[in-house]
Amino acid sequence: MILVSVDDHIIEPPDMFANHLPARYADDAPRLVHMDNGADMWKFRDRVIPNVALNAVAGRPKEEYGLEPEGLDEIRPGCYDVDERVKDMNAGGVLAQMNFPSFPGFAARLFATEDSEFSLALVRAYNDWHIDEWCGAYPGRFIPMALPVIWDAELCAAEVRRVSKKGVHSLTFTENPAALGYPSFHSEHWNPLWQALVETDTVLNVHIGSSGTLSIPASDSPPDVMITLQPMNIVSAAADLLWSRPVKEYKDLKIGLSEGGTGWIPYFLERIDRTFEMHSTWTMQDFGGKLPSEIFREHFLTCFISDPVGVRLRNDIGIDNIAWEMDYPHSDSMWPGAPEELDSVFKAHNVTDTEIDKMTHLNALRWYSFDPFQHVPREKATVGALRAAAGDHDVSIKARSHHQSTADEKLAAFRSQIDAATAHLAGKD
């Protein structure tokens, strides 16, 4: 197999702004602060953003999973060090990754300040660091992706065009701009962005949780409820975008549904076609003679981690619309045993070699206009070849936490996260 993951994550290193932010902004830049409790947190003005344990548990025992803030010395170096990341990728048999941001948020709303020039400089500095230093360190190993200028559609379009000249065809965005206080997907406000995406053949990636909303019925629901319902946000985003004006007016618009799974899609496609059949005469929906399910397959890329149900129903989804993700270093990640787990699922559902190639790398390369084989010969890009190159790189499970949190402490950390998210959405932070 050749594995290309369309959803992994970076825990940003402390020196990421050093080479790319204009000197006049250096003193005001976000910085990593080491706390008295041993945790490392990003501080930007009056905001403090922790490195949450659940987001960086690769290579650690499940007993250390949780939402407590942690220090960089408590997480695997591959989370924040690109050299170590590539070693982990080799050991896991993964040719390439697309890495989402952590502390700025998926839509970089953190960088929206009263000073538009400063805000734009932060986004550009992050993007240049990600493209030139992180991805540029190992050509062919990372699909580059840019942060948006979420607060200004014209500036966002300009940034899409700027980074496209550096080979970027991927933009991270929010699953619901209205939840963040911006115009919805249905507003003409975003027209400059849609146009830029189409002109540059750039995919708009909407990641679960990128709107800041939590799929949780009550503040005292167990954490398992939130984890179970996480993909539900992506279902809402898919419906909102599928029925939106941009999908009809921008025929080449491409949207990635990141970390949302695939098992729900066959029912979703049946439901949107049924909705169209029963209601389009009064809702005035018109897809130019096509069914909504056909439009979905023209515009949307989906991704899965393991998802045996989605693999079994792959042809009901659309075999050309499915890509694989590893989600390193998050708690759902298959690393380092992804090849074995995938092989088991593929064999259980009689997936052909052609279908495997599409889901594991060909669809990702086509959708994101990415060609790793310019830099890594195909014979050196397979799981076996990469693992051979990894040598004796250590992938054993190791405890790294400086202290073992009790169940009550873990639950308290979860409640604190819920309260913080609620205050954020209410505009109180």
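This is a predicted model: local features need pLDDT of at least 70, side-chain atom pairs count only at pLDDT 80 or more; totals for chains, interfaces and linings use all residues.
I started with H375, which comes out as partly exposed, with a relative accessible area of 46%. That value sits between the 20% cut-off for buried and the 50% one for exposed.

Next I looked up where H375 is: in the loop between α13 (353-367) and α14 (383-390). Leaving aside neighbours within four places in sequence, I found H375 in contact with P139 and G140. I also checked R141: H375 and R141 are 234 residues apart in sequence, yet 8.5 Å apart in space, C-alpha to C-alpha.

Then I turned to a helix pair. Helix α2 (residues 116-135) and helix α3 (residues 153-164) pack at an angle of about 25°, and their axes are 12 Å apart. Angles under 35 degrees count as roughly parallel, so I wrote down α2 as roughly parallel to α3. The crossing of α2 past α3 is right-handed.

Which residues meet there? From α2 I listed S116, L120, V123, R124, N127, D128 and I131, and from α3 L155, E159, R162 and V163. Sorted by class, this contact has five nonpolar, two polar and four charged residues.

Last stop, the cores. The largest nonpolar core has 101 residues, and F111, L171, L193, L257 and W324 have the most contacts inside it. Helix α2 turns up again here: it gives the largest share of this core, 11 residues. Apart from it I found another core of 23 residues, including I2, L95, A364 and F370.

Leaving aside neighbours within four places in sequence, its contacts include L3, V4, F304, M334 and T360.

Notes. Residues are numbered from 1 along each chain as its sequence is written. Side-chain values use heavy atoms; hydrogens and water are left out. Axes are lines fitted to C-alpha atoms, for helices over the stretch in contact, and angles run from 0 to 180 degrees between N-to-C directions. Helices (H or I, at least four residues) and strands (E, at least two) are DSSP runs, numbered from the N terminus. Angles under 35 degrees count as roughly parallel, over 145 as roughly antiparallel, 65 to 115 as roughly perpendicular and the rest as oblique. A crossing is left-handed if the near helix is turned anticlockwise from the far one by less than a right angle, and right-handed if clockwise. Contact means heavy atoms within 4.5 Å. Ala, Val, Leu, Ile, Met, Phe, Trp, Tyr, Cys and Pro count as nonpolar, Asp, Glu, Lys and Arg as charged, and the others, Gly among them, as polar. A nonpolar core is a set of buried Ala, Val, Leu, Ile, Met, Phe, Trp, Tyr and Cys residues joined through side-chain atoms within 4.5 Å. Buried means under 20% relative accessible area, exposed over 50%, partly exposed in between (1.4 Å probe, protein chains only).
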